Structures are given as structure tokens and as C-alpha cells.
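Reader: I have the sequence and the model open, and I am new to both. Could we go through them one question at a time?

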Amino acid sequence: MYEAYWNLKSRPFENTYSEAAYYPSESAQAAILKLRYAVENRRGAAILAGSCGLGKSLLVRSLLMQLPDTFSPKAHLVFPKLPSDALIPYLLMNLGRSPQASGTSSASENVWQLQQFLAANTRAGNHAVIVVDDAHLLSDHASLETLRLLTNFETDGKLDLTLVLVGQTAIIPAVERFPSLESRIGVKSLMRCFTPDETAAYVTHRLRVAGCEDDIFVAEGLQRLFEITRGNPREINRLCDLALLIGYAEEIRVIDAAQVESIHEELVTVAPE
């Protein structure tokens, strides 16, 4: 709706993944470095944790894109809140394998199928990477035990896979209460919000990727944006997107602190009944 007004080729503040739109903040780069270390050194598991809206899912997609081709197949499980006995079939489907039909022997057959597939993959010189998103939802013992058992798969002295658990910070104490899984964790990485300078750089980066060379947000507007969002990328995206929309509707050419504040107040105000 507002792209032409602001000379944009696309909407700059979408929350969907885009390799070009990825912003390499200090926290994100440190996290990717740790996760790559765990995967490329064939550690059993790793954790990426952080509060809502920090871009953890986008970061692991960037990680999977950066890994060499030998680290395959790559499975990204985005709906882990399943019964523990459904996790292996769900993983098989994400790996492009067809799980056994339901029946009395299906659970053991699915595990055997997964084990044989991973063993053949390792012998071919590859290493599987399994990302479990929203892993903080896997707080029950049975699900965590199923994931731990995956790290037992080993072929010719090499682990068959690295498990990357991605979730809110609650995943760390949940795993720490489960020592048999915690001992398999090669690295733990905690993402944080942007600093004021990173917030400004992030907004500028997103606008440049979308094709805009103008400084739409003035310095005072970027500072107020940081104060309101506390450097949370998802909140920054939401507020900036609305600012561009309202700026287009009101035919203004720059967005300052007062306009950022006004838009924020509209978002948080509850209309009277």
C-alpha cells in the first residue's frame, strides 16, 4: 500500500525470513558462531534461547543456509507440541521419509527406519542437523527423553546428528532439570535485544534492503523507537510498519519522535466499551 510513496521495492519490516534482510547484530553473530561450532564439530546438541520476538527462528534459518553442504539433511521442526510418540514420525516426514502406518509395532519400526537412514547418511560423509523450534513447549519428561535418545545415534564412531533446541529462556532451566540431556549440550547461546545503535542500524538496514536510500526515521525518532520497543526486533517491525503506513496516509516525509510516540499510543490504548 505505502511502498511507492516511500520509494520502496518491498515492505521492509516483514517478520518472515529473508536472507538479505538478516541484520548481523553482535548478539546474533555470537549465537551463530556458537551454533556453527556445535554443528561443525558434531556435538550432540545445542541451545539457542531468548525472549519472544528476538528473531531466533530467523537466525536458525540463516544458520542452516550458512552450513556447508555436507551438513545435511537439515530438518526444522516448527510444531513440536506433540505427544512424545508422534515426534519420531513428525521428524521422519520433515526428513522426507514416510513413517510406518499406525499399528502395534509402528513405534519401533519408525525408530529403526530413522536409525538406518541416519547411519547411511553418516557413512555417505554427511551429518544431519535437526532444529526444534519453540522447544520450551517440550517441558514434559517423555518428549525430552525422546529428543535425548536421538543423540545416541552413532555410526562408525561419529554422531549421526546435532540437535539444536530453539526456544524461550525457559528451555534452559527445563533442560538443566534433565541431566541426561543437559550433559549432551555442546553450547548454550542466549540472544538479547538490540542496543540503541543496533536499533538505528537495523531500521536503516531494512530500509536499504527494501530499496530506500532516504533517512525516513530521524535520529530522535529512532531513539524513541528504541525506548518504546527496548530493542525487540518484532516490536520494532510492528511499530515501523505502522509508522510508514500512517506517514503515507498523512503525507509526511520523515518520521520523528512525536510521530513514533503517537503511533505507539494508538497501539496500546484500549477503546472504552
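Reader: Let's begin at one residue: does Glu14 count as buried, partly exposed or exposed?
Author: Buried means under 20% relative accessible area and exposed means over 50%, with partly exposed in between (1.4 Å probe, protein chains only). The relative accessibility of Glu14 is 34%, so Glu14 counts as partly exposed.

Reader: Before we go on, what kind of model is this?
Author: Residues are numbered from 1 along each chain as its sequence is written, and side-chain values use heavy atoms, with hydrogens and water left out. Local features need pLDDT of at least 70, side-chain atom pairs count only at pLDDT 80 or more, and totals for chains, interfaces and linings use all residues; the model itself is predicted.

Reader: Which side chain meets that of Glu14 in a salt bridge?
Author: Side chains of opposite charge can pair when their charged atoms come close. A salt bridge here is a side-chain nitrogen of Lys or Arg within 4 Å of a carboxyl oxygen of Asp or Glu. For Glu14 the N to O distance is 3.2 Å, and the partner is Arg11.

Reader: Which residues make up the network of salt bridges here?
Author: Arg11 is partly exposed, at 31% relative accessible area, whereas Asp241, at 17%, counts as buried. Together with the partly exposed Glu14, they give a linked network of Arg11, Glu14 and Asp241.

Reader: How many salt bridges does the structure hold?
Author: Another of them joins the side chains of Arg208 and Asp215, at 3.0 Å from N to O. In that pair Arg208 is partly exposed at 27%, while Asp215 is exposed at 57%. For the structure, the count of salt bridges is 14.

Reader: Stepping back, how many helices and strands are there?
Author: Helices (H or I, at least four residues) and strands (E, at least two) are DSSP runs, numbered from the N terminus. The C-alpha trace spans about 65 × 45 × 35 Å along its principal axes, and buried residues make up 45% of the 273 residues. The protein has 11 helices and 7 strands.

Reader: Which element gives the most residues to the lining of the largest pocket?
Author: On a 1 Å grid over the protein atoms alone, a pocket is an open set of points with protein on both sides within 12 Å along at least five of seven lines, a cavity is a set where a 1.4 Å probe fits but cannot get out, and lining residues have an atom within 4 Å of a point. The largest pocket is lined by 32 residues, with Leu54, Gly55, Lys56, Ser57 and Leu58 nearest its centre. Two or more lining residues come from each of helix H2 (56-66), strand S6 (161-167), helix H8 (196-209) and H10. With 5 residues, the element that gives the most is H2.

Reader: What volume does the largest cavity have?
Author: Grid points are joined across faces, edges and corners, and a volume is the space filled by probe spheres set on the points. The count comes to 1 cavity of 30 Å³ or more. The largest cavity holds about 50 Å³.

Reader: With which residues is Thr146 in contact, leaving aside neighbours within four places in sequence?
Author: Thr146 sits in helix H5 and, at 16% relative accessibility, counts as buried. Thr146 is one of the residues that line the largest cavity, as are Leu87 and Ile88. Contact means heavy atoms within 4.5 Å, and the contacts of Thr146 are Ser84, Leu87 and Ile88.

Reader: Finally, within what arc do the buried residues of H9 fall?
Author: In helix H9 (residues 219-229), the buried residues are Gly221, Leu222, Leu225, Phe226, Ile228 and Thr229. They line one face of the helix, because, seen down the axis (by directions from the helix axis to the C-beta atoms), they fall within an arc of 165 degrees.
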